[in-house]
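Thank you for letting me take a few minutes of the meeting.

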Amino acid sequence: MADVTLTVDGKKITAPAGTLLLEACKSAGIEIPAFCYYPGLSLQAACRMCVVRIEKMPKLQTACTTPVTEGMVVTSESPEIAQARKATLQLLLGNHPLDCPVCDAGGECELQDMTFKYGAADSFYAEPKNHREEQKWSPVVYFDRPRCILCYRCVRMCGEGMDVFALGIQNRGSSSVIAPNVPAQMSPDDLAHVDCEQCGMCIDACPVGALTSGTYRYKTRPWEMNHVSTICTHCGDGCKTTLGVRSTTDGSEIVRGDNRDKSGINVDFLCNKGRYAFDFANNEDRITQPLVRQPNGEMEPVSWEVALDHVGKRFRELRDTRGGKSIGVIGSNRTTNEEAYLLQKFARTVLGTNNIDHHRTADYVAFARALAGTTDRTASLNDTLTAPAIMILGGDPTIQAPATAWNIRTNVRNNRARLYIANSAEIKLRRQAKAFAHIAPFSYGALASFLAGDDSAVDALTHSGADASSFHDFRKAIRAEESLLVLLGSEFRGADLQRLLAFGKTLPNRKFALISDYVNSRGAADMGLLPDLLPGYTPLAGNTTFAEYNTPTAPGLDLLEMFEAAGSGELSALYVVGSNPISRYGVDPASLKDTFVVVQDMFLTETAALADVILPAANLYEKSGSVTNSYGDLQLVNKAGDRAGVRTDFELIVRIADKMDANMKALVPFGKGTRADMGQSRGAQSGEADRHAVWLSANNMEPKLSPFDPFAILDEIQRLVPGYNLLRLQLLSGNAQHLQPAVNANDLVQIGNRRDLVLPANDTLFTSGTLGRYSAMLSDLQHNESLRPPTGLTQIQTAAD
Amino acid sequence: MSEIANTIFSPETAARFDHLVTIYPLKRSALVPMLLYAQDEIGYISDAVIAEIAQRIDLLELDVRNVLSYYSMLRTKPAGKYNVQVCTNISCMLRGGYEILDHCKHKLGIGHKGTTPDGVFSLEEVECIGACCWAPAIQINYDFHDDLTTEKVDVLFQMYRDGLSPNTTGKDVK
């Protein structure tokens, strides 16, 4: 829209026509206070704090509801305005308790800030305050009614933002109150509760301490914590969560998770897992000492030196006697890119095996191969917030990728984006959809064919609830879209996925994303935790990029084959890093009885219970590095918590390699390099040069000084992995950057014949794989859910429809 | 025939509700009239009433409760058979509305929003009922009684207790 020019406090500012005055001022650096205004939600004008004087208008106007107009002359601060705001504050404080010294919001409270600014601390009101006891609406949401200033932010956040509508406003005047959707008289325990997704967005939006979080309340004060922005470990969206940490006797305890500066890829969203499910890190059951199985079968705690020595010696012995091919390695979906890369490099160059795999939650290999040779065909999470049209095939973002769902809802609400959904289940997002194609169960393969133009496939899609013409209409509608963002659930794999993408990329302006389950599921695949592909989906045979690996060219065993090999006694050793395949894949524990098993984990999982050596590992919140979300957005992970006795997976891999007498400088490029002869970088002698050192100096970077520095590996990832041409400044400043795999279209990799090893995690809103079992808050929430029969939240239309 | 199976309302009221949802551009506009008719029939807005009305107009029960709690004329607990509503707005106040209210409280032994133990009477202090010309006035259920004195109130209560309908001003505004 055309820009208009207006004057605020004598300063000329320009803003697009239609911008709200409050937003225009904010962009120009002029702060107008407001309690009820929240960007992106409907306007309320309830608090009257944002009043300003606009020339030629009688009375003061609310800046949050007034659009800018050409030539408008505005005064944002004057004695008159200050008096009006002060009076508003006095009214708000009429019933607000002065319990700031114990209130959770103290120090982060907008009402406190405003009272401080306008000096309304003393009141004319002598009436007794209307006190009510606090209410526990759920394990994570507590409500202190007297502190509420009735800004309605939580009500709108829950309804419009989350599409849950669990909060309402009841009574009127000074007895108005925020009410949850399960009233006391209908609750088994006669207390009001909230039946919702427990995302905590209401707490986030609350400008005061009326809504407080069950994990954090009364534990500490905001200024007593250090705040570390890092990436949530729980789903494939990779939201930024800011962890509040506090020193304890044995490290650094995480006290709070929240979306403090809203600077991440998730903007203002964070779900319950990002907000509350950090507490596994503080779990009492964590292993904090290396354990080695003794000849009598008992696990005994030993020193790190003994444990690492034992692992290194055994690995070397087994490699040398039974060959690298007899060793298997299983990586993790929750370790950093650097750790995943280092693990596969360790397996391939030190152990000498391609037997490396991870728990795959989506078929990224087929995704990357199908889009080989294209550019700008992969979507970023940011795109879901702005795309004019979005199609979701399979999956259920509300549960699997809450930030994706939030973005889509916001996009539909604020930009009128058109949403198309095809799913065999009636997923909640269909409430925002323009068209919903309800396909028959297990017909995603047919859906891929049908969308790609095969009319005969429609028979497989139809069922009693949907006839063929509905699918034809659906296809016609999406074909008519000029540009389309296509989000694919993990149901699409192998040949189906390839067929769909092969057709999709023939149409212009189609972008794709494949949704997976954990923070670095995409990164694990990108970093080559695969038996048949090197990092960047590079084939084992015939590539020059990874020539320095000297790795065997025959594909290794995949995860299931490893356990089959173990069962037949062919697997001499298994190295499991941050994974629980025994439980996840239902492996018979007896199959590992003749295998030397080393497990790096936080807890005594089903897999760790079978180990010969357990090395206590740090989790994602206790290390630095980078992770790649489902969409391919790379983000920085910062160390927040700390626990005495645990070490990062990165350090452990390096130390084990060292104990195996590996060439450390070849494994982790640190220091001045193996060969410092820069003069040999060209011509006949070029093979002699230290390529890493040459690359570093070409990119104006210093060699890293420590073998334990993950950034030394990041350098190598950037140098070698196709598509990881990242920008350091972007990464280090905590921003996300979108990367796409740069697969060579000429590489011969048969997607159609690859074994389908994708096993979706099937997590609910309140579970998170094996790790989630160790989060007390997630357990509480599961218990809380089990108390009430499902209300069919998604079935009911609401006031907003 | 009602569009809702197992309705809790009488066939007439159910039919009325079926019609009500059709006459507004948005179904939910029928909410307040539905609540009033439901209260007239059931006596108060019970949880079952909330559930059925929410179902009829595709709202969440929470939305119904939000609106319901706003209006003081809608009640969520049963009232007496005769609901005595005493006006104490300015005209009535000047002509003795508070005396009438105090007398009712004393006579019935209950306070504002109270119900007698036998369930015959309940008492409410209300805002203007639009009978200023003949103040002080009270409304019992939908019947007006005006130009009152405490003696007249005693007579009225006795007539109600005896089951006589002293329909003085006559009009049932239902």
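Before I count anything, let me say that a helix here is a DSSP run of H or I with at least four residues, a strand is a DSSP run of E with at least two, and both are numbered from the N terminus. Please also keep in mind that what you see is a predicted model.

With that in hand, we can turn to chain B, which has seven helices and five strands. If you follow chain B along its sequence, the elements come in the pattern α-α-α-α-β-α-α-β-β-β-β-α. The C-alpha atoms of chain B fill a box of roughly 50 × 30 × 30 Å along the principal axes, and of its 174 residues, 30% count as buried. Chain B is divided into domain 1, residues 11–70, and domain 2, residues 82–161, and the centres of these two domains of chain B, taken over C-alpha atoms, are separated by 29 Å. When we take the contacts in chain B between residues at least 6 apart in sequence, 58% of them join residues at least 24 apart.

Now to chain A, where there are 26 helices and 31 strands. Its radius of gyration is 29 Å, which is close to the 28 Å that the globule rule gives for 801 residues, and so chain A is as compact as a globular protein of that length. Along the principal axes, its C-alpha trace spans about 90 × 65 × 65 Å. Buried residues make up 53% of the 801 residues of chain A, and among its contacts between residues at least 6 apart in sequence, 68% join residues at least 24 apart.

Let us look at one sheet in chain A. How many strands does this open sheet have, and in what order do they lie? There are five, in the order β2-β1-β5-β3-β4 of chain A, and the pairing is mixed. The edge strands are β2, residues 11–16, and β4, residues 61–62, of chain A, each of which pairs on one side only. Strand β1 of chain A, residues 3–8, pairs with β2(A) in the antiparallel sense over six bridges, and A:V8 stands opposite A:K11 in β2(A). Across β3 (51–54) and β5 (73–75) of chain A lies helix α2 of chain A, residues 79–93, which runs at about 155 degrees to β3(A).

Coming back to A:C202, and leaving aside its neighbours within four places in sequence, we find A:C202 in contact with A:V141, A:C154, A:M157, A:C158, A:L167 and A:L211.

I will finish with helix α23 of chain A, residues 710–720. Why can we call this helix largely enclosed by the rest of the structure? Nine of the 11 residues of α23(A) are buried, and therefore the helix is largely enclosed. Among those buried residues are A:F711, A:I713, A:L714 and A:I717, together with A:D715 and A:E716. What covers the buried residues of α23(A) includes α8, β28 (625–628), α20 (649–659) and α22 (691–698) of chain A.

Technical notes:
Residues are numbered from 1 along each chain as its sequence is written. Chains are lettered from A and ligands numbered from 1 in the order in which they are written. This is a predicted model: local features need pLDDT of at least 70, side-chain atom pairs count only at pLDDT 80 or more; totals for chains, interfaces and linings use all residues. Two strands pair if DSSP finds at least two bridges between them. Two residues are in contact if their C-beta atoms, placed from the backbone, lie within 7 Å. Axes are lines fitted to C-alpha atoms, for helices over the stretch in contact, and angles run from 0 to 180 degrees between N-to-C directions. A residue is buried if 20 or more other C-beta atoms lie within 10 Å of its own, exposed if 12 or fewer, and partly exposed in between; C-beta atoms are placed from the backbone. The radius of gyration is taken over C-alpha atoms; the globule rule is 2.2 Å times the number of residues to the power 0.38. Domain bounds come from an automatic or database domain assignment.
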